[in-house]
Amino acid sequence: MLPPKLAQLIHYPFTSATRAVWLFLKELKIPCTFIKMAKPLVAPNLDQSLVPDIEAMPAENFPVFIAKGIMVSGVHSILRYLCQTYVTCGGAWYPVEPVIRSKVDMYLEWHQNNLQPLTNAILLLTTEFDAHTCVAPTIAVNPRVNSMELSEIASTMKSYLGSLNYLENFFLASNPYLAGDFVSIADIVAAAEIALCKVFETDLTSYPRLLGWFERMQEELVQWPVQEEDYTRFHAKVRDRQDKKKAHAQKIKKHGKDAAGGNRAPDVAHTVLFHKPLDDTFTLFTSSPALKEWTKSTCHMLPKPGGTVSLYDQRVLGTLLYIEKKTRLLMSWRFTDWGEQAPPSTVRLNFQPVDSGTLVTMEQSDVPVAFLKKTDQLWNTLFWKPSGGVLVRHVLQQHFFDALTPHEIYEALTDTAKCSRLTNKRCEINRGVGAEFSYLDGAITGKTTELIVDMKIGQLQRMPDWQAEHYSKVSLQIERVAGGTCITHSQRDVPVHSYRMLMDMWERYFWRKLHALGQ
C-alpha cells in the first residue's frame, strides 16, 4: 500500500458525489485539502496549469481529485482510483476477485443510468437546485409551476420509486449490502444518493430492506454525522427555495398567468368548493384519522413522497408522489376493480384559499376507458359529498336583445313588480346593496352585492336544496351595443347537480321572456 500524501479535491459542496468521495477519504484517512469549485477558480496551492482544464469541465464531471501529479474526475473513477492506489488490492471496498468486483461495477453502472439521473431530475423539478452543483439559479423563481410540471414530477417520481423498489428486490434481496456481505464503494455511492430522500421527504418504510441497509450504512461510516451537520444547512436552503417557489406560484395564480399550454387534457376533472379553511380542507385528504372519519372506512395516508395510500378498505390503493403542504398533492392510484393489469392513474389535487373557503381542483389522467364514467361519478359519491365538498361548474354566456334598452333590462331584473310580470312568478326584490331577493316563487333566493344603474348587477344566489352556507356568485354586465343591448352573464360555483335546472330557469324565465318583451 502506498503511503498517503496530501491531496486536493475540487468539488461542489452538498452534492451526493462530493459526499461519497468525502466519506471515503475520511474512511481511508487520506489527508486532503478541499477546494470549493467556482469560476474563476482561485486556489493558490493548486497547480495553476490544471486550472483551465478544471474550469472547462462540465459540472457532472465533479468532484476532481488531484494527488501525486495525477488528476481524476468523476465520483466512480475517483473511488476506484483510491481503492487501487491507497488500499492493498482494493480491499473489501473494491475486491480484486473478478466475480465480486463485477457486482460492485454492475451496481455503479446501474446507479449512473438509473438512480442518479432520477434523483437529479426530482431535485431540479421540486427545488430548482441543480444536482450536479446543488446551486439554485440566481434569476427569479421559475414561473413554470403549472400542470405540465406536475406531469413531469409524477412521471419522474414513479420511476424513482421504481428504482428504490429495484434496490429493495434485486440488489438487497439476499445480501445485507449491495455487492454481498461487505461494505463496498457501491454502498457509499448509493448511501450518499439515498440521503437526498430527506430533501424530497420520501418515505422508505415501504422498502424495509433498503431502510435497514441505509440505517446500517450511517452506523458503518463513522464520519456520517459530521456530513449530516453540513447537509442540515443545505436542507434549510432547499426548504427556503421551495417556500419562495410556492409563494411565486400563488402570485402567478392570483394574477391569472398560470397557463398550462400544450398539456393533454385529463380524463376526469372536477372543481370543488369546501366551506372550510385551507388548513382543515388539506387535512381532510392527508390525515389518516380524518380520512377514516369522513369515509367511515379503514384508510391510511402517509403524507410523504413514496407514502402508501389506502382508502375505503383498500378499494383504492396507491402511492403519494409529491406534496406541497396546503397547496397540492400528486398521487398514483387505482381502484381495485380496474383489475391487476391496469396501470395506476395519476391524480392531482390543488388547494386554493378563496373568500368562501377552499377551492380544490382535481385532475385524473390514465383512467381505463371502460371505467371513465364510473370513476367520474365515484369522485362525487365517495369523496366530495362525504367530505362536505360541493362539486361546482361555472357559467359564462352572452345574450343580445335588439329591441330593449339597458334601462329596461335593468328595471326588469331589479324591480319587484316588473320582474314578477316578466316571469309570471312571484318575485320579491329589495333594492340596495346587501338587500335580499327572491325569484320564481322562492326557487332562487339570495342577496345583492353590487348595483350600478343600467350597467351591472351582482348577486349571491342559492337554491333551497344547496348546502346552507353555499352561494353562487352572479355577475350581469349590461352594455349598450350597436342595434341593441348585450348582457354578459357569468356565474361561479354552481353545484353540478343543480346546473341544468338553474340554466333552464335562466333561459325559460328570463332570457326568452326578455326577448318576448322587446317584440
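In this predicted model, helix H7 packs its contacts with helix H9 through Asp-187, Ile-188, Ala-190, Ala-191 and Ile-194, which meet Trp-213, Phe-214 and Met-217 on the H9 side. Sorted by class, the residues of this contact come out as seven nonpolar, no polar and one charged. As for the geometry, H7 spans residues 185-194 and H9 spans residues 208-220, and their axes come within 10 Å and cross at roughly 105°. Angles of 65 to 115 degrees count as roughly perpendicular, so H7 is roughly perpendicular to H9.

Glu-411 sits in helix H14, which covers residues 406-414. With a relative accessibility of 13%, Glu-411 counts as buried, because the cut-off for buried is under 20%. Once neighbours within four places in sequence are set aside, Glu-411 is in contact with Lys-418 and Arg-431. With Arg-431 there is also a polar contact, side chain to side chain, at 3.3 Å.

Then there are the cysteines. The structure turns out to hold zero disulfides. Cys-419 is in no disulfide, and its nearest cysteine sulfur belongs to Cys-427, 3.7 Å away.

Key. Residues numbered from 1 in each chain as written. Predicted model: local features only at pLDDT ≥ 70, side-chain atom pairs only at ≥ 80, totals over all residues. Heavy atoms only, no water. Axes fitted to C-alpha atoms, helices over the stretch in contact; angles between N-to-C directions. Helix = DSSP H or I, 4+ residues; strand = E, 2+ residues; numbered from the N terminus. Parallel < 35°, antiparallel > 145°, perpendicular 65-115°, else oblique. Contact = heavy atoms within 4.5 Å. Nonpolar A, V, L, I, M, F, W, Y, C, P; charged D, E, K, R; others polar. Buried < 20%, exposed > 50% of the residue type's maximum accessible area, 1.4 Å probe, protein only. Polar contact = N/O pair within 3.5 Å; in protein donor to acceptor, adjacent residues only side chain to side chain. Disulfide = S-S within 2.5 Å.
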